[in-house]
There are 2 protein chains.
Amino acid sequence: VAAARGRRRSLDEFAVIERFFSRPARTRRTDVVLGIGDDAAVTRAPAGKDLVIATDTLVEGTHFTADAPARSVGHRSLAVNLSDLAAMGAEPLWATLALSVPEADADWLGEFSRGFFALARRYRVALIGGDTVAGPAGATVTVHGCVAAGRFVPRSGARPGDAMYVTGHPGDAVAGRLLLDRSRFARRGGAALIRAFLYPEPRLREGRALLGIASAMIDVSDGLHDDARKLLAASGCGADLDAGAVPVSGAMRRLFREESLPLALTGGDDYELLFTVPRKLEPRLQRLAARWCCPITRLGEVTTGKAVRWHLGGRAFRVPNLTFRHF
Amino acid sequence: VAAARGRRRSLDEFAVIERFFSRPARTRRTDVVLGIGDDAAVTRAPAGKDLVIATDTLVEGTHFTADAPARSVGHRSLAVNLSDLAAMGAEPLWATLALSVPEADADWLGEFSRGFFALARRYRVALIGGDTVAGPAGATVTVHGCVAAGRFVPRSGARPGDAMYVTGHPGDAVAGRLLLDRSRFARRGGAALIRAFLYPEPRLREGRALLGIASAMIDVSDGLHDDARKLLAASGCGADLDAGAVPVSGAMRRLFREESLPLALTGGDDYELLFTVPRKLEPRLQRLAARWCCPITRLGEVTTGKAVRWHLGGRAFRVPNLTFRHF
């Protein structure tokens, strides 16, 4: 067969799956009937609940650099998806992983797998299937979660008068990413920021706790201002927000000074939760959040109309037109 | 912010999703509570059924060439996944699509979308979510289907004495792929072969009809011989198979002559179903399959032991060590 080429796989799919992704020590769940190894996985969805499904891709050159730690890439490929479940108030169940790598580099795959599974174990997510292909480095994860039927938190539920809150310290992740490019700063207390970028923690517990309290929710992946606009547009509302209230972390303030606020408003990759709460539920929220490991901050209030207005010290504040999302 | 770069997205994610992937004319299903547009999709799994979940990636350079018709890439990205559902006996429900493209080429995206949705509509698959990123061309689809609880057909259920069958004409797809490289042959009746490669039809109806009849099933994606070995290894069995029975199509025989049988045994990308049936159910299978649009062919019998033996005209036949899967 003249034009046919012989076997040219640069990695043996079965060896990769067996060695790095289907070890018996991985999270087992009784709702997984059939895991990795057949044409498809078989699972049993919990009765009386809705399924929540999200998918996100990380691609080298766009979402991570060629020299990014593989453990971080493994962690983030799952974390960005779990963050989407968190923003719906869902509990995670299962994940699939489609991994594209230029070659079967055992060190890289081992580290990727460690990052992925350390996070998966923490939230009892079972890897039920996937695909490994030879190609440019990248990972697409699809996660499945559940939430009591009809009780998920959409982006579209904010109403005028609701308060808007955010978890954690938005901007830390983009600050960490910038520090990766300026390694001299890492010694001046930037390690926490770099960690916020490389190993974001999905706010799953917080998201679930907000069921029945939050009227609308989104995760901050494109930047606080962008994602606030998306939530409010989906809800058909506007907002008056206090730029002075934006919770800039101490490390960020020390290292980035007057750049801190623009970074906190426009930086992406935070995976914090941005949500709205009816006023009468704010006391309940405050009691609840007092026990959380991350702070929550009230940014302002949802309004009628469609304008998303930030103010600072009594004057209108214009959010700079920057994004730092992609390499 | 010196080191920060401005917005560098080469495609506007929202415009792409809105224009090509979330038009209201797409398949609607009452079990989709919340589709594209929030952090995640929300669905309601059918009661009393198992969920069947598969994910597969196509990458340019590995699974399709840069000059492949985008409509075919869209079709195949869904078809290879639906084929996995077919091999479990499952009925398709929903799909997510993670699409990576180097730039927002409206012609390419339009054709991809047409190929994807033409197939999705045919089998009532709802696109419930996805991601578009700037990167090397590729698509990862995750499909969800259902099957009556505990009744899916695994790879592992073959027993000695069962008969082994295959649908359609394995090898046509790889023959079509080879013809794409030798365009002079296309005029000599190769159009059907090229179509088998570019637009494989997942055997969903056949797969579901085999519930309760097939003891084991796999889809032929890596080549008839390779996939037979996988099914038999999962079942802990061997097989005696008749290479002379392999259903080589007339077009393939005319164009590839003595190369036909090696191609039919080792070519991949067929997406036919290979399955085993207990002998006492063979009459029922024959009655059923008489109404199908694709033929079925009995290849031989499952045996004890682990050897997968092919014979031809009473003599042992050695399958050549070739694969034609990837570019």
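Leaving aside its neighbours within four places in sequence, A:His144 is in contact (heavy atoms within 4.5 Å) with A:Val52, A:Ile53, A:Leu85, A:Pro92, A:Leu93, A:Trp94, B:Ile53 and B:His144. This is a predicted model, where local features need pLDDT of at least 70 and side-chain atom pairs count only at pLDDT 80 or more, while totals for chains, interfaces and linings use all residues. Residues are numbered from 1 along each chain as its sequence is written, chains are lettered from A in the order in which they are written, and side-chain values use heavy atoms, with hydrogens and water left out.

A:His144 sits in strand β6 (residues 138–148) of chain A; strands (E, at least two residues) and helices (H or I, at least four) are DSSP runs, numbered from the N terminus. With 0% relative accessibility, A:His144 counts as buried, a label for anything under 20% relative accessible area, with exposed meaning over 50% and partly exposed in between (1.4 Å probe, protein chains only).

Strand β5 (residues 126–134) of chain A is mostly covered too, with eight of its nine residues buried. Strands β4 (residues 91–101) and β5 of chain A pair in the parallel sense over eight bridges, pairing being called when DSSP finds at least two bridges between two strands. Between β4(A) and β5(A) the chain passes through helix α3 (residues 106–122) of chain A, and this β-α-β crossover is right-handed: with the strands pointing away from the viewer, the path from the first strand over the helix to the second runs clockwise.

Turning to charged pairs, the whole structure holds 33 salt bridges over all chains, each a side-chain nitrogen of Lys or Arg within 4 Å of a carboxyl oxygen of Asp or Glu. One of them links A:Arg44 to B:Asp50, with the closest N and O atoms 2.7 Å apart. That pair crosses between chains, from the loop between β2 (41–43) and β3 (49–59) of chain A to strand β3 (residues 49–59) of chain B. A:Arg44 is partly exposed at 39%, whereas B:Asp50 is buried at 0%.

In chain B, the side chains of B:Arg203 and B:Glu272 meet in a salt bridge (2.8 Å, N to O). B:Arg203 lies in the loop between α5 (191–198) and α6 (204–209) and B:Glu272 in strand β10 (residues 272–277), so the pair ties together parts that are 69 residues apart in sequence. Both B:Arg203 and B:Glu272 are buried.
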